[in-house]
Amino acid sequence: MNAELPDGAGYFGGFGGRFVPETLMPALHQLEHAYEEARQDESFQKELDYYLREYAGRPSPLYLAERFSERLGGGKVYVKREDLNHTGAHKINNTLGQTLLALRMGKKRVIAETGAGQHGLATATAAAMFGLSCDVYMGDEDIRRQKPNVLKMRLLGTRIMPVHTGAKTLKDATNEALRDWMASFEDTYYVLGSVVGPHPYPMMVRDFQSIIGREARRQILEKENRLPDYLVACVGGGSNSIGLFHPFLGDESVRMLAVEAGGRGSGLGEHAASLCWGAPGVLHGSKSYILQDEDGQTSPVHSLAPGLDYPGVGPELSFLKSTGRLQCDAVTDQEALDAFRFFAEIEGIIPALECAHAIAYLMREENRTAEDEISIICMSGRGDKDLFEVGEILGLDSSEPQEDEG
Amino acid sequence: MNRIDARFQQLREARQAAFIPFFTAGDPDLDVSLRIMRAAEDAGADLIELGFPFSDPVADGPTIQASYARALAGGQRVADVLDLVRRARDGCALPIVAMVSYSIVFKLGFENFLDRALDAGLDGATIPDLPVEEAAELFGPADERDFRLVCFVTPATTSSRVAMAVKHARGFIYYISVRGITGERSALPSDLAEQIQQLKAATSVPVAVGFGVSTPEQAAGVAMTADGVIVGSAIVKRMAQAAQEGKDAADAALSFIRQLGVAVKDPR
């Protein structure tokens, strides 16, 4: 249905485009041409498949969460285990693809922005494996919240570039990475981590992440001999969700649910739910749903999940929302926290706080599916990175025996 | 006649280059901005480029970014900036060009922005995150209102895109002298004069050079070939220093504008 989008100018309907300083236009044109060539080159695809399989550990399992399904009392819930990929999240799908492209373009250095640190880590990992130098921009606040990932990146030989401006989180790290790239694009490749930014990034990152949905589609047909009724994924910028959704866009019976960070409430600054509560605007090079004030100033955002803490969302998801193909909802910090704990106890899988939002959505009474229905959740990452934050909130550090809540 | 066009025509006849200072509206406060705007012509400015504070200015270096953050922290809204221009018009006859992010312009709605900007007394706008392709539908409404949308060219802009910029250029072309973001540079590219000459040969629209011009000497050097010289970060930095030392930021700006104005008008 939408396989032909974006158009030549990078638009998905009225969303997307390329709103960047003139200084960046040559870099984007160069990238667009290089990617177009790579996409049509079978040897590039083969090489990428090789690393995805041998290095990242793909295909990731599509696991039937039996006890979780039973406890909800509805239909079957399958979990696409992106948390089992090397580096612990779906981010490696994209960074292996983009780093191979950087090599093909003859670049010596890669840069990236990161919030939760998962994209930074996946970039640092690919850079280490391919022998490229790597600088990762990260807000001071995230450096504090995500220490394990900071230490891992440093161990892999990456330089962490602390960002002190603005809210000192993902949005500000993205600004700094763009500024770096404007002056450095001749020898530097910018590995953008989500389906946001100027064309061709939203298309390219979607293509690299679509492996999630292609595998899931094949796996569910093998297991159930039919398509799922629901796809559920958390949305920050939107790369894991569009990766799962895109290969199913032509399957009209499959409903798609984007679950955003409802934070502490629906007031501006209390959440990061751009699709649910934002409006069309321009940020970081493309037109999409944005959280901003009536002057166009980017508003502060909040989520307990650092990977969802972003005031915008990808243009393709914005388009799918505008056409009604995509349903959107927001889940609070507290619901996500409850889901995080519940899923760990009942399935032995510690989800990242980000995908705990998707789990929480399905746990709501009103979202229970019928017994003969099938859902797939994208388990975009594992929760190791969140242990310290969550441990503190839940008091897991205490030496007292824990009350049995089972 | 649009004030920008009139000024460049007058300067062309006098065989002089335009000096264009940049500063941020409302940094450190609106009163300082107002005093600079009213005194700028006497200090040697030919045009004013007025920064609309924005939360995420990707094309700007740390100096202007910090300046925007100060103005926003001071509570400046778009309506306050427009009101500043309106008040400055009592005493300021110079052309005033907004430097404003497309994030702001899109949110307000382009035609709404144009009407309000014109009503306040602005003559044009530089929108640094709006490449020519994305501006295609905006040139018409701007032309109808005699409002100048400034196009950008950089050393890395390909010849086909230079042709596009030249086709749509009105008011002046903003030539970005260096790679990267705004901010002071110790040296400008050695082939800058040659690049400016080439661009000038391709268009009858004046070519003004900005990004990286930070001293009277550099300004004088650029004025030898360019039709206009834009200085931003170096002025903003002096204002911030003055404010920090408890001195008057408007005086600091105006005395530096005077030095730069002399350098641009008499480059030899």
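Visitor: How many residues of chain A and of chain B are in contact, and what makes them count?

Guide: In this predicted model, 35 residues of chain A are in contact with 34 residues of chain B. To count, residues need heavy atoms within 4.5 Å.

Visitor: How do you know how much area chain A and chain B bury between them?

Guide: The figure is the accessible area that the two parts lose on being put together, summed over both. Here that comes to about 2,900 Å², with 52% of it on carbon and sulfur atoms. On the chain A side, Glu22(A), Arg179(A) and Asp295(A) supply 25% of the area buried against chain B, more than any other three residues.

Visitor: Why is the pair Arg77(B) and Asp293(A) called a salt bridge?

Guide: The rule asks for a side-chain nitrogen of Lys or Arg within 4 Å of a carboxyl oxygen of Asp or Glu. The closest N and O atoms of Arg77(B) and Asp293(A) are 3.7 Å apart, so the pair passes the 4 Å cut-off. Across the interface of chain A and chain B, the rule finds six salt bridges. There are also 18 residue pairs in polar contact between chain A and chain B, with both residues at pLDDT 80 or more.

Visitor: Which elements of chain A each supply at least two residues of the side that touches chain B?

Guide: They are helix 1 (25-39), helix 8 (170-184) and strand 11 (279-283). Helix 8 of chain A gives the most, with seven residues. Sorted by class, the side of chain A that touches chain B has 14 nonpolar, 11 polar and 10 charged residues.

Visitor: Let's go inside chain A. Why is Thr99(A) called buried?

Guide: Buried means under 20% relative accessible area. Thr99(A) has 0% relative accessibility, so it counts as buried. Thr99(A) sits in helix 4 (residues 91-104) of chain A. Not counting residues up to four places away in sequence, Thr99(A) touches Ala126(A), Ala127(A), Phe130(A) and Leu132(A). A polar atom of the Thr99(A) side chain also lies 2.5 Å from the backbone oxygen of Thr95(A).

Visitor: And Asn240(A): what makes it buried or exposed?

Guide: Its relative accessible area is 5%. That value is under the 20% limit, so Asn240(A) is buried. Asn240(A) belongs to helix 11 (residues 239-245) of chain A. Leaving aside neighbours within four places in sequence, Asn240(A) is in contact with His90(A), Ile212(A), Ala233(A), Cys234(A), Cys378(A) and Ser380(A). Asn240(A) and Ala89(A) are 151 residues apart in sequence, with 9.3 Å between their C-alpha atoms.

Visitor: What makes Asp135(A) and Arg159(A) a salt bridge, and which parts does the pair tie together?

Guide: Their closest N and O atoms are 2.8 Å apart, so the pair is within the 4 Å cut-off. Asp135(A) lies in strand 6 (residues 133-139) of chain A and Arg159(A) in strand 7 (residues 159-163) of chain A, so the pair ties together parts that are 24 residues apart in sequence. At 3% relative accessibility, Asp135(A) is buried.

Visitor: How do you know whether Asp329(A) and Arg364(A) are buried or partly exposed?

Guide: Arg364(A), at 15%, falls under 20% and so counts as buried. The side chains of Asp329(A) and Arg364(A) meet in a salt bridge, 3.5 Å from N to O. Asp329(A) lies in strand 13 (residues 326-332) of chain A and Arg364(A) in the loop between helix 15 (353-363) and strand 14 (374-379), so the pair ties together parts that are 35 residues apart in sequence. Elsewhere, Glu36(A), Arg39(A), Arg206(A), Asp207(A) and Glu316(A) are joined into one network by salt bridges that share partners.

Visitor: One last stop: at what angle do helix 9 and helix 10 of chain A pack, and how do you know which residues meet?

Guide: Helix 9 (residues 201-209) and helix 10 (residues 211-224) of chain A pack at an angle of about 35°, with their axes 5 Å apart. Residues count as meeting when their heavy atoms are within 4.5 Å. By that test Asp207(A), Phe208(A) and Gln209(A) in helix 9 meet Ile211(A), Ile212(A), Gly213(A) and Arg214(A) in helix 10. The residues of this contact divide into three nonpolar, two polar and two charged.

Key. Residues are numbered from 1 along each chain as its sequence is written. Chains are lettered from A and ligands numbered from 1 in the order in which they are written. This is a predicted model: local features need pLDDT of at least 70, side-chain atom pairs count only at pLDDT 80 or more; totals for chains, interfaces and linings use all residues. Side-chain values use heavy atoms; hydrogens and water are left out. Buried area is the accessible area (1.4 Å probe) that two parts lose on being put together, summed over both. A polar contact is a pair of N or O atoms within 3.5 Å; within protein, one must be able to donate a hydrogen and the other to accept it, and residues adjacent in sequence count only if both atoms are side-chain atoms. Helices (H or I, at least four residues) and strands (E, at least two) are DSSP runs, numbered from the N terminus. Ala, Val, Leu, Ile, Met, Phe, Trp, Tyr, Cys and Pro count as nonpolar, Asp, Glu, Lys and Arg as charged, and the others, Gly among them, as polar. Buried means under 20% relative accessible area, exposed over 50%, partly exposed in between (1.4 Å probe, protein chains only). Axes are lines fitted to C-alpha atoms, for helices over the stretch in contact, and angles run from 0 to 180 degrees between N-to-C directions.
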